[in-house]
Amino acid sequence: MNGTKISEFTDYRGTSAQITKFLESTALYVKLKLELPSVFETVRPEVLELRCPTCKADRPFRGEARIHPFTSDPNAIPYRNTSVSGVRHLRFACTGCEHEGYEYWVLVNYQEETWIQKVGQLPIWIPTISKEMESELGEDAELYKKALRNMNEGYGIGACAYLRRLIEKHINPLLQLLHDTKAEHGAKPEELRAIQEAIAAKDFTSKTRFAAEVTPASLIVEGHNPFQEIHERLSVGLHTLDEETANCYAQEIKEALEYIIRNLRKTHDERKAYAARIKEIRKLPVK
Ligand SMILES: [Zn+2]
């Protein structure tokens with residue numbers, strides 16, 4: 001029994017919120033180090049926001065009521081659960097349809113340091129991405145989900161590879177547009193061929209030859225092309241870093257990448273529309 005921990009621990013609400021987020025969005029076997037009260041059941045989340053396959057929406061899922069930490073009833077806190085490491089089974093039911101449910105098996109560790117880890121989940125854990133990102137990426141959403149899944153399970157090298165693939169795929173439509181515009185303006189065949197080769201190339205280096213020409217100005221930060229810088233770091237992550245450091249790189253890059261991909265698509269659509277408009281204008285006689 002660790003008496004000092006009980007008296008020191010005060011942030012029940014904050015810890016419960018941390019565990020809520022952890023259950024909702026973290027994959028299996030990821031450790032969350034956190035301060036825990038002696039009785040885990042006093043910080044067990046009562047409600048999780050989860051996707052319900054029947055309601056087809058995010059819904060509150062209700063679990064068992066947590067034990068009040070300051071209860072005077074000695075029977076409310078089961079002795080066997082006090083500061084004991086082991087697997088807790090948590091169950092949550094959809095408040096919408098009252099049909100669907102989620103179950104978690106969480107290993108709670110009290111030895112030396114306190115941490116929790118999911119060791120089982122039903123239904124299976126799948127990374128969720130925002131609706132906006134999902135429609136933005138289309139079929140590439142799968143690549144992005146795989147990157148997140150790798151990240152969450154600590155496979156940083158894999159995550160870097162998936163993110164890099166994503167960035168490579170999204171530069172190609174812009175290269176194609178550059179090619180078409182140049183072709184219309186009578187560019188030299190060798191110049192056009194170079195762009196075509198860059199589109200077909202598997203390596204990003206040949207694509208970066210044109211990165212400056214296709215990168216929207218809105219993405220340039222202090223004269224640096226973030227597109228290229230991010231790609232370089234993902235490559236380092238993929239080829240030389242250990243899993244853990246690569247994972248830190250991927251986590252950092254992920255959000256910038258969401259912004260970049262949205263911007264590239266927008267730029268592509270705008271430039272395409274602009275090119276079409278110019279074509280129409282050219283049809284108007286000048287005299
Ligand atoms: Zn439901």
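Trainee: At what angle do helix 5 and helix 9 pack?
Mentor: Start with the general idea. Two packed helices are described by the angle between their axes and by the distance between those axes. Now the case here, in a predicted model. Helix 5 (residues 156–184) packs with helix 9 (residues 226–239) at an angle of about 145°. Their axes are 8 Å apart.

Trainee: Is the crossing of helix 5 and helix 9 left-handed or right-handed?
Mentor: Left-handed: that is how helix 5 passes helix 9.

Trainee: Which residues of helix 5 and helix 9 meet?
Mentor: Helix 5 brings Gly 156, Ile 157, Cys 160, Ala 161, Leu 163, Arg 164 and Ile 167. Helix 9 brings Ile 230, His 231, Leu 234, Ser 235, Gly 237 and Leu 238. Sorted by class, this contact has 8 nonpolar, 4 polar and 1 charged residues.

Trainee: At what angle do helix 4 and helix 5 pack?
Mentor: Helix 4 (residues 141–152) and helix 5 make an angle of about 160°, with axes 8 Å apart. An angle over 145 degrees counts as roughly antiparallel, so helix 4 is roughly antiparallel to helix 5. Their crossing is left-handed.

Trainee: Which residues make the contact of helix 4 with helix 5?
Mentor: On helix 4, look for Leu 143, Tyr 144, Lys 146, Ala 147, Asn 150 and Met 151. On helix 5, look for Gly 158, Ala 159, Tyr 162, Leu 163, Arg 165 and Leu 166. The class count is 8 nonpolar, 2 polar and 2 charged residues.

Trainee: Now a single residue. Is Asn 247 buried or exposed?
Mentor: Count the neighbours. A residue with 20 or more other C-beta atoms within 10 Å is buried. Asn 247 has 23, so Asn 247 is buried. Asn 247 lies in helix 10 (residues 243–283).

Trainee: What does Asn 247 touch, leaving out residues up to four places away in sequence?
Mentor: Asn 247 touches Met 151, Gly 154, Gly 156 and Ala 159. Tyr 155 is 92 residues from Asn 247 along the chain, yet their C-alpha atoms are separated by 6.7 Å.

Trainee: On to the sheet. What is the order of its strands?
Mentor: Remember one rule as you look: in a regular strand the side chains alternate between the two faces of the sheet. This sheet is open, with 6 strands in the order 1-6-5-4-3-2 and antiparallel pairing. Strand 1 and strand 2 (47–52) are the edge strands, each pairing on one side only. From one strand to the next, the twist averages 35°.

Trainee: Which strands does helix 2 touch?
Mentor: Helix 2 (residues 12–25) packs on the sheet and touches strand 1, strand 2, strand 5 and strand 6. The direction of helix 2 makes about 15° with that of strand 2.

Trainee: How many bridges join strand 1 to strand 6?
Mentor: Strand 1 (residues 31–33) and strand 6 (residues 115–122) share 3 bridges and run antiparallel. Lys 33 stands opposite Trp 115. Lys 31 has Gln 117 as its bridge partner.

Trainee: How many bridges join strand 5 to strand 6?
Mentor: There are 7, and the two strands run antiparallel. Strand 5 covers residues 101–109. Tyr 104 stands opposite Gln 121. The two strands form a hairpin with 5 residues between them, where Glu 112 takes a positive phi near 65°.

Trainee: Where is the positive phi in the hairpin of strand 2 and strand 3?
Mentor: At Lys 56 in the turn, with a phi of about 55°. This hairpin has 4 residues between its strands. Strand 2 and strand 3 (residues 57–62) are antiparallel and joined by 6 bridges. Cys 52 stands opposite Ala 57.

Trainee: What stands opposite Arg 62 in strand 4?
Mentor: Ala 93 does. Strand 3 and strand 4 (residues 86–94) run antiparallel, joined by 2 bridges.

Terms used
Residues are numbered from 1 along each chain as its sequence is written. This is a predicted model: local features need pLDDT of at least 70, side-chain atom pairs count only at pLDDT 80 or more; totals for chains, interfaces and linings use all residues. Axes are lines fitted to C-alpha atoms, for helices over the stretch in contact, and angles run from 0 to 180 degrees between N-to-C directions. Angles under 35 degrees count as roughly parallel, over 145 as roughly antiparallel, 65 to 115 as roughly perpendicular and the rest as oblique. A crossing is left-handed if the near helix is turned anticlockwise from the far one by less than a right angle, and right-handed if clockwise. Two residues are in contact if their C-beta atoms, placed from the backbone, lie within 7 Å. Ala, Val, Leu, Ile, Met, Phe, Trp, Tyr, Cys and Pro count as nonpolar, Asp, Glu, Lys and Arg as charged, and the others, Gly among them, as polar. A residue is buried if 20 or more other C-beta atoms lie within 10 Å of its own, exposed if 12 or fewer, and partly exposed in between; C-beta atoms are placed from the backbone. Two strands pair if DSSP finds at least two bridges between them.
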